[in-house]
Amino acid sequence: LNDHEIEGMERKEIIMDQLRLALERGLVLENQDVLVKLGAILEGTESIAQLTSMVRVIEVIYPSIRQRNWSPQPLLDALVRGAEASEHIQRKRLFFMAMMAGMEQFPEEASLAMSATNVDVLTRQMFELSMISNEETL
């Protein structure tokens with residue numbers, strides 16, 4: 001990577017961090033097309049650092065989706081595709097974590113997406129533990 005590419009990656013991470021903070025503070029999405037575009041960006045993200053930044057945004061975007069009364073399905077579908085296409089366990093787990101983050105706002109949809117995803121035993125156990133703790137809080 002040259003200096004220009006590194007600088008561009010750093011800018012994207014800063015933008016994603018600012019977006020995450022804004023969503024945490026109550027920013028509400030205005031356009032449902034954002035979910036489809038975000039899914040496409042997620043699927044095309046190559047570096048672990050960029051994917052991690054994107055997952056941090058996804059983890060806080062679900063309340064905005066709920067507030068707008070939108071379906072999370074386009075985003076969850078993209079996360080499932082991303083997890084299935086991932087050859088590295090770290091990438092697969094990041095996609096899975098982004099799905100798990102939707103459990104509080106969309107338990108049925110997120111659970112279906114996660115159960116449809118082929119993951120390793122440890123990640124599957126993480127999912128099952130989150131399901132148990134989610135049921136206990138209800």
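# Reading the labels on a helical model

User: Why are R20 and E24 described as separated by about one helical turn?

Analyst: Because the two residues are four positions apart in helix α1. A helix here is a DSSP run of H or I with at least four residues, while a strand is a run of E with at least two, and both are numbered from the N terminus. Before we go on, a friendly note: this is a predicted model, in which local features need pLDDT of at least 70 and side-chain atom pairs count only at pLDDT 80 or more, while totals for chains, interfaces and linings use all residues. Residues are numbered from 1 along each chain as its sequence is written, and side-chain values use heavy atoms, with hydrogens and water left out.

User: What makes the contact between R20 and E24 a salt bridge?

Analyst: The term asks for a side-chain nitrogen of Lys or Arg within 4 Å of a carboxyl oxygen of Asp or Glu. R20 and E24 meet at 3.3 Å, N to O, so the pair qualifies. The structure holds three salt bridges.

User: Which residue pairs with E30 in a salt bridge, and what makes it a link between distant parts of the chain?

Analyst: The partner is R68, with the closest N and O atoms 2.8 Å apart. E30 sits in the loop between α1 and α2 and R68 in the loop between α3 and α4, 38 residues apart. At 65%, E30 counts as exposed; R68, at 32%, is partly exposed.

User: What about R93 and D120, and where do they sit?

Analyst: Their side chains meet in a salt bridge at 2.7 Å, N to O. This pair also links distant parts of the chain, with R93 in helix α5 and D120 in the loop between α6 and α7, 27 residues apart. R93 has 24% relative accessible area, so it is partly exposed.

User: What makes a set of residues a nonpolar core, and how many residues are in the largest?

Analyst: A nonpolar core is a set of buried Ala, Val, Leu, Ile, Met, Phe, Trp, Tyr and Cys residues joined through side-chain atoms within 4.5 Å. The largest one here has 35 residues, and L75, L79 and M99 have the most contacts inside it. Its largest share, nine residues, comes from α3. Not counting residues up to four places away in sequence, L79 touches L42, I58, Y62, F95, A98 and M99.

User: Why is M103 called buried, and where is it?

Analyst: M103 has a relative accessible area of 6%, so it is buried. M103 is in the loop between α5 and α6.

How values were computed: Buried < 20%, exposed > 50% of the residue type's maximum accessible area, 1.4 Å probe, protein only. Contact = heavy atoms within 4.5 Å.
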